[in-house]
Amino acid sequence: MPSEHKIGEVADALGITVRTIRYYEEAGLLEPLRTEGGTRYYTERHMARLRAILHLADNGFSLEAIRLIAAAREGSRSGDEGSSRVTTRLDEVLEELAMRIDALALLKEEIVRARSWVRKCRGCANRPTSKGCPECPVRKHVADVELLGLIWDQHD
């Protein structure tokens, strides 16, 4: 492959749409090379940057969080200052990630509990509604397991 790629080639190589690439350009996160005619060209460095953006976005980071990471070194007068700024931002990202991991662990526990209660309905011939199965174990635990409020019928 040549060292410079057109936007469609980049989209195909990364399994994304051209619109996604343009979105990150419009957000100021990616600045391709352009011919006098306006054709966009991307180097391997652009593609590496785009892969990093996609990796963060795919893992739930907001556009603003990605922008802050990308801009952390800008304006630094020395490597020491740049390192300090980047490290500070990455520490913030790690803290945010730790909070998400904790929240996901709690959600996982809730899903396991909901699944456990829903499994008790296996083999039940009653209609899975408040009227069809007034003694349903799922219904009895809607207040204890938040997710069951989504699963159990809403017409009590």
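**Exercise 1.** In which helix is the place of isoleucine 101?

*Solution.* Isoleucine 101 lies in helix 5, residues 79-119; helices are DSSP runs of H or I with at least four residues, and strands are E runs of at least two, numbered from the N terminus. The model is predicted, so local features need pLDDT of at least 70 and side-chain atom pairs pLDDT 80 or more, while totals for chains, interfaces and linings use all residues. Residues are numbered from 1 along each chain, and side-chain values use heavy atoms, without hydrogens and water.

**Exercise 2.** State the confidence of the chain.

*Solution.* The mean pLDDT (the predictor's confidence in each residue, from 0 to 100) is 91, and 97% of the residues score at least 70. Confidence is highest in helix 2 (residues 18-26), with a mean of 97, and lowest in helix 6 (residues 137-140), with 83.

**Exercise 3.** Classify the lining of the largest pocket.

*Solution.* Among the lining residues are Arg45, Arg49, Ile53 and Ile69. The lining comprises seven nonpolar residues, no polar ones and two charged. Helix 3 (44-58) and helix 4 (63-71) each supply at least two lining residues; helix 3 gives the most, six.

Key:
On a 1 Å grid over the protein atoms alone, a cavity is a set of points where a 1.4 Å probe fits but cannot get out, and a pocket is an open set with protein on both sides within 12 Å along at least five of seven lines; lining residues have an atom within 4 Å of a point. Ala, Val, Leu, Ile, Met, Phe, Trp, Tyr, Cys and Pro count as nonpolar, Asp, Glu, Lys and Arg as charged, and the others, Gly among them, as polar.
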